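Morning, everyone. Please look at the screen while I take you through one chain.

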Amino acid sequence: MRLLIVFLLALNSFWLKSQTYSYRTITNNQMMVKGKVGKYPITLYMEYQGFCEYEREYTGWYKYDSSTQSIPIQVYFSTYPENEEFIIYAKYDGDFQLEIDEDYSCHPVNYDEKFYGDSDDGIFNNMSWNKKGSSQVWEVTFEEDVASKFWDLGEYDTYLTVDDDLVLDFGTMGFEYVYEVHIEGFKEVHDITHMLITVIEPSKPGGNGRGMCGAGDEIYLLYLRLDKQNKLLFSDSEKIQSCYEHMEESPVMYDTQFPERGFKRVK
């Protein structure tokens, strides 16, 4: 019996030490909304794809609720939409041909229908629908705040994980744009897990390579303490690399072999 207890304690200790810390990014890329074209109810589905030059690219479909056929759609829209027209292009066969003009604006040159409105009125507000080659124009309305859902597309949350379980949202510590995480070292001391982590954020979120530091990174060192249930007990952070600020020397000192010591600020 004593040997069994010793074995179970050793097994439990091994399991604690063998926990795997990593990270996971969860992206919000899709939305589905209800609305009307004229008096006809529709369902619209949209998915964020990334960038075309400096504009965000979205694909998807819409369908009349009385029909079983969906119509492919495509959208290109700038994250800086001052005085820009907001257009949803629709093409029955989905074979859109893309054109990029001298201002790096992307748009299909072939389409069968379009939903359109002015971003000055707020996207998805005061929209109209028109079939190419027709003078008939119908009002488009939606049942909910579609603009908020649209702007959330492409947003993401990055979490610290333990054995694939979500443990900590880096956004709660002010790092909303973390896209890469490195576990530098961790150790359990008196039932407390001490961790040294580096996290990487874009210097200019949404910059897509545009402007100063549009493709740069900001790197931070984090020191965390977690309890036995992997709940956060303490956190500290310091920027150690920046696109905007030249750093000849690291502003901190630390030893990944002894994460329980945290880090020491040099200045």
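Residues are numbered from 1 along each chain as its sequence is written, and side-chain values use heavy atoms, with hydrogens and water left out.

Confidence, then. pLDDT is the predictor's confidence in each residue, from 0 to 100. The protein chain has a mean pLDDT of 88, and 90% of its residues reach 70 or more. Over residues 3-16, though, the pLDDT is below 50. Beyond near neighbours in sequence, that stretch has two contacts in the model, a contact being heavy atoms within 4.5 Å. Where pLDDT is low, the predicted coordinates should not be read in detail.

Now the disulfides. How many does a search of the whole structure find? Two. A disulfide here is a pair of cysteine sulfur atoms within 2.5 Å.

Take Cys 52 and Cys 106. Their sulfur atoms sit 2.1 Å apart. Cys 52 lies in strand E3 (residues 40-52), Cys 106 in strand E8 (residues 106-108). They are 54 residues apart, so the pair links distant parts of the chain. Strands here are DSSP runs of at least two residues (E), and helices are runs of at least four (H or I), numbered from the N terminus. The torsion about the S-S bond is about -90 degrees, so this disulfide is left-handed. Buried or exposed? Cys 52 is buried, at 8% relative accessible area, and Cys 106 is buried at 4%. Buried means under 20%, exposed over 50%, partly exposed in between (1.4 Å probe, protein chains only).

Next, Cys 213 and Cys 243. Their S to S distance is 2.1 Å. Both sit in loops: Cys 213 between strands E15 (192-202) and E16 (217-226), Cys 243 between strands E17 (232-242) and E18 (252-254). This link is left-handed too, with -90 degrees about the S-S bond. Cys 213 is buried at 10%, while Cys 243 is partly exposed at 35%.

Last, the sheet. Three strands form an open, antiparallel sheet in the order E1-E12-E13. Strands E1 (21-28) and E13 (165-169) stand at the edges with a single partner each, so one side of each has no neighbour in the sheet. Two strands pair if DSSP finds at least two bridges between them. Eight bridges join E1 to E12 (residues 155-162). Thr 25 stands opposite Thr 158 in E12.

Note on methods: Predicted model: local features only at pLDDT ≥ 70, side-chain atom pairs only at ≥ 80, totals over all residues.
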